[in-house]
Each structure stands twice: as C-alpha cells, then as structure tokens.
Amino acid sequence: MKALFAGARYEIRALLLAPATLLILGGAALFYSAIYPGPYSPQAYRDMPIYALDMDNSALSRQLLAHIDAADLLHIVDRSADPLAARRALEASEVLGIVEIPAGLQRDLVRGESPVVGLLANAGYLLAYSQLADAATDAVLEAGGELGAVAFAATSGKPALAAVTQAPFQLKVVELFNPGGGYASFVVPAVAMVILQQTMLIGLGLLCDARRQLKTPMPSTWGSAIAWTLGRNLPWVGIYLLQFLVIRWIIFPVYHLPAVGQAVELLPFLALFLLSVSLLGLLVAELFQSAEDVIPFLLFTSLPIVFLSGFSWPLESVPAPLRALSYLIPSSAGVQGFVRLNQLGVGFESVVVPLITLAAQCILYGGILFLLTRRRERLQSLSTQSGLFRPE
C-alpha cells in the first residue's frame, strides 16, 4: 500500500509543477460534455423547409401538397412553378429539398397511369436528408392511398373493402433505447467516452516535462515497483470518475438523454476504462522527451480514434486491419460497453468482450510502462554514478 500511494504522490507532485494542466484534467471533459449536446438539444428536425415545385397546378396537386405540408417534419415555404427559383433556394440552403409535382399529374391519374412525384433533397446534411426523404415518402404514399381508396370505393361501391385493399397491413414502429429518435441520444453518450479519453491523454502528455524534473522514485523490488506503477493512475482515475458522475447524473438528465444503466455496473466498467486510458497516457508520455512532441502526436491521432470508436460507423463494416487496430484503443471498447450498459440497461454478461479488451489493454500498457520506467531509472542511476547526470 505504501508503494501504491507513493506512485500517486509522484503524479500529484508532477501536477503541482504544472498546475495549469489541471484545467484540462479537471475541467475540459466537463466543459465539452456540457456544451457538446447543446446544438443537438432539439434532438430531431421539425418543420424542415422545402420548396413545392407545382408544375401541374391542379386540385389534385394542391391536395397532395397539403398532405406533405401537414407532416410534422416538413414545411412548404414556396409553391411556385419556377424551377430556377427552386434551384437557387436549394443552393442557398434556404430549403433542404424540392418536391416536384409533374405537369399532367391529374390527367395521368384519370387515365389510370402512375405519375412520378420527384424529390430533390440536399444529401450534404445526411440526417436531414434521411428524415426529409422518409417524411415526404410517407406523405405521398398516404395521399396516394387515400386517393386510391376513394377511386376504388366510387367504382366498386364498397368503401370498407376499399380501405382494406389500399392498406391491407398496419405497421407499428417502436424505437427502442432512443424513444425520441433523436440524434443527441444516439451520439452524445458515445462522444462522452471519447472526450474523457482524449482530455486525459492530452493532460497526461502535458505533464511530460514536469515528470522529467522529478527523479523517478520507483521501488527496487518488483512487487513494490508494480504497485507504484499502478498507484500513478489513482489520481487520474479518481478525478475522471468524479467527472463521469457529473456527466452521467447531471448533464445527461439536463439534456433528457436516455440513461437506464445502474451505478453498480457503470462505475466498475468506467474505472477499468479509465485505468486503461491512464496507463496509455502515461506510456505515451514516457515514449516522448517533451510535451512539445506528445501533443502533436495526440492531435494527429485524435480523428482516427474517433472513427475507430464504432459510433460514427459500425466496426463490423470497418476493414479487418483497422478493426484489429481498434482493439488497441480504449475508447473503442469503452464506447461499446458504455452504450450497452447505459442505454440498453444490460448487465455485465453482455459486455464481456469490452471488459476483456480493456483488461488486456491494462496489462499490455501497464507492462510496457513498467519496463520503460524501470529502464529509465537504471539509466539515470548509471548516469548519476558516472557523474554525467545531475538531477535538478
């Protein structure tokens, strides 16, 4: 225990030599987690502006546009028949899509033909494009079904049969684990794990120079040296567990993010995740000579780490070499495990693979860190004995 707390004191001494780093280690994760969900707080699009290019200008086309405008997600801002104006509005992002009613719509329907209603949507906003396309499709199909039912009833004289013929099945969609279908509920919990990881890695990297000013007080015996190495992680795991408590039980409820996981399962998982991140951060700092070298490396690898976390694109669809690389990144297993525990409300039996992955990372990073630190201590000792090294 003495060696364990000695390792913790060593890291705290380094922090005292660079107190500004506490702003990153003690506040950056909270700051980013508090402001990141803000832009997505509406969760889903409402009244997306669209341009109605009505080339038919018939009673039927106006009825069809009324169905589209009545949809919760859509709002028609212009109904003119000016293709050039419609294109300019789309290019200027004044509208997110154009619904084109072809000329002769009503005439073709009377002839028994099936006219094509066009939808041009801005796919640059992927989520908006998807929701706009779904909403417009539903509105057009609903209007077409009603018109078809009316026509069938008029010719057959059987209104009840007409309704069943036009809609023989009813579909009820239940959105599990994300009741509102919101973007924030999907992305924020995963991003929170990446934020915890990256802020810790950057903070521990900034302490690189401060540690170089301290003589490494690693104990001589192997058992005490291992305990000392583990003790170095205690301050950082503790600080970040406190921040996680604020994020999960204060920030998440403020933004109405779904969270059904229990503390008895979340906290042990997070402790293992943070231990893996801390060991990786200390290892990266050990491999570089100064913070000026560590920070560019961490910034350079931040974007690939986000892509390999598995929330922006399923890891199952990632090429095998990159998927193998993701097993070396704590946030990949951390995101998968946290989302399952926090949003799905499952138990440890469903996060066995992330738990094993994080445990293996702790062993790997901790072992390499132990060997490198012990090697550096021996080199310092030899340099001191030869008179070539003068510790400050």
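Mentor: The crossing of H8 and H13 is right-handed, meaning that the near helix is turned clockwise from the far one by less than a right angle. This is a predicted model, in which local features need pLDDT of at least 70, side-chain atom pairs count only at pLDDT 80 or more, and totals for chains, interfaces and linings use all residues. Residues are numbered from 1 along each chain as its sequence is written, and side-chain values use heavy atoms, leaving out hydrogens and water.

Trainee: At what angle do helix H8 and helix H13 pack?

Mentor: Two packed helices are described by the angle between their axes and the distance between the axes. The axes of H8 (residues 183–206) and H13 (residues 291–307) lie 9 Å apart. H8 is roughly antiparallel to H13, a term for angles over 145 degrees. The packing angle is about 165°.

Trainee: How many nonpolar residues are in the contact of H8 with H13?

Mentor: Contact means heavy atoms within 4.5 Å. Among the residues that meet are Val194 and Leu201 in H8, and Val294 and Leu298 in H13. The contact has four polar and no charged residues, and its nonpolar residues number eleven.

Trainee: Is the pair of Phe288 and Phe297 stacked, edge-to-face or tilted?

Mentor: Rings pair if their centres lie within 6.5 Å; planes under 30 degrees apart count as stacked, over 60 as edge-to-face and the rest as tilted. The centres of Phe288 and Phe297 are 5.4 Å apart and their planes are at 40°, so the pair is tilted.

Conventions. Axes are lines fitted to C-alpha atoms, for helices over the stretch in contact, and angles run from 0 to 180 degrees between N-to-C directions. Helices (H or I, at least four residues) and strands (E, at least two) are DSSP runs, numbered from the N terminus. Angles under 35 degrees count as roughly parallel, over 145 as roughly antiparallel, 65 to 115 as roughly perpendicular and the rest as oblique. Ala, Val, Leu, Ile, Met, Phe, Trp, Tyr, Cys and Pro count as nonpolar, Asp, Glu, Lys and Arg as charged, and the others, Gly among them, as polar. Rings of Phe, Tyr and Trp (its six-membered ring) pair if their centres lie within 6.5 Å; planes under 30 degrees apart count as stacked, over 60 as edge-to-face and the rest as tilted.
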